[in-house]
Amino acid sequence: GGDPAGLGALRRIPGVAEARVVPEAEVRSTLERWLGPDSEGLGLPLPVLVEVKVAPGADTERVAEALRS
């Protein structure tokens with residue numbers, strides 16, 4: 001659907017500078033470091049990962065609390 005990772009809501013949190021869904025190829029590349037080069041053949045489901053960058057000077061505790069709620 002339109003915003004499955006809730007990026008719009010994340011981006012509206014005060015102190016969040018950027019939020020993006022990590023592309024599947026990047027997730028696979030990262031997992032390959034731990035699972036080895038044949039990890040794609042394991043058939044493991046991949047989670048949707050979201051990278052959140054906090055704005056300089058933002059209250060990181062407030063951002064973290066907002067992300068948890």
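1. The note opens with R28, which counts as partly exposed because its relative accessibility is 25%. The side chain of R28 meets that of E24 in a salt bridge, with an N to O distance of 3.0 Å. Both residues belong to helix α2 and stand 4 residues apart, so about one helical turn separates them. The structure under review is a predicted model, and the points below should be read accordingly.

2. On confidence, the protein chain has an average pLDDT of 87, and 93% of the residues score at least 70. Among the elements, strand β1 (residues 16-21) has the highest mean pLDDT, at 94. Helix α2, which carries the pair of point 1, has the lowest mean value among the elements, at 88.

3. The secondary structure consists of 3 helices and 2 strands. Along the sequence these elements follow the pattern α-β-α-β-α. Helix α2 covers 24-35 and strand β2 covers 50-54, with a loop between them that contains L42. Helix α3 spans residues 60-68.

4. The protein chain has a radius of gyration of 15 Å, whereas a compact globule of 69 residues would have one near 11 Å. Taken along the principal axes, the box filled by the C-alpha atoms is roughly 40 × 30 × 20 Å. Buried residues account for 14% of the 69 residues. The accessible surface amounts to about 5,200 Å², and carbon and sulfur atoms contribute 54% of that area.

5. How much of the contact set joins residues 24 or more positions apart? Among contacts with a separation of 6 or more, such pairs account for 62%.

6. A17 is located in strand β1 and K53 in strand β2. Their C-alpha atoms are separated by 5.5 Å, although the two residues are 36 residues apart along the chain. Leaving aside residues up to four places away in sequence, A17 touches K53, V54 and A55. With neighbours within four places likewise set aside, K53 is in contact with G15, V16, A17 and E18. A17 counts as exposed because its relative accessibility is 54%. K53 has a relative accessible area of 39% and is therefore partly exposed; the cut-off for exposed is over 50%.

7. The side chains of R20 and E51 meet at 2.5 Å, N to O. This pair links distant parts of the chain, with R20 in strand β1 and E51 in strand β2, 31 residues apart. Both partners are partly exposed: R20 has a relative accessible area of 23%, and E51 has a relative accessibility of 28%. R20 and E51 are also linked with E26 in a network of salt bridges.

8. The count of salt bridges comes to 4. E65, at 45% relative accessibility, counts as partly exposed.

9. The remaining surface feature is nonpolar. W34, L35, L42 and L44 make a patch of about 470 Å². L42, in the loop between α2 and β2, has 52% relative accessibility and therefore counts as exposed. For L44, a further member of the patch, the C-alpha atom is separated by 32 Å from that of A17, which is 27 residues away along the chain. By contrast, the C-alpha atoms of A17 and K53 are separated by 5.5 Å.

Definitions and conventions: Residues are numbered from 1 along each chain as its sequence is written. This is a predicted model: local features need pLDDT of at least 70, side-chain atom pairs count only at pLDDT 80 or more; totals for chains, interfaces and linings use all residues. Side-chain values use heavy atoms; hydrogens and water are left out. Patches are made of residues with over 30% relative accessible area and no salt bridge: like charges are joined within 9 Å, nonpolar side chains (Val, Leu, Ile, Met, Phe, Trp, Tyr) within 5 Å. Accessible areas come from the Shrake-Rupley method with a 1.4 Å probe; for residues, only the protein chains shown count as cover. Buried means under 20% relative accessible area, exposed over 50%, partly exposed in between (1.4 Å probe, protein chains only). The radius of gyration is taken over C-alpha atoms; the globule rule is 2.2 Å times the number of residues to the power 0.38. Contact means heavy atoms within 4.5 Å. pLDDT is the predictor's confidence in each residue, from 0 to 100.
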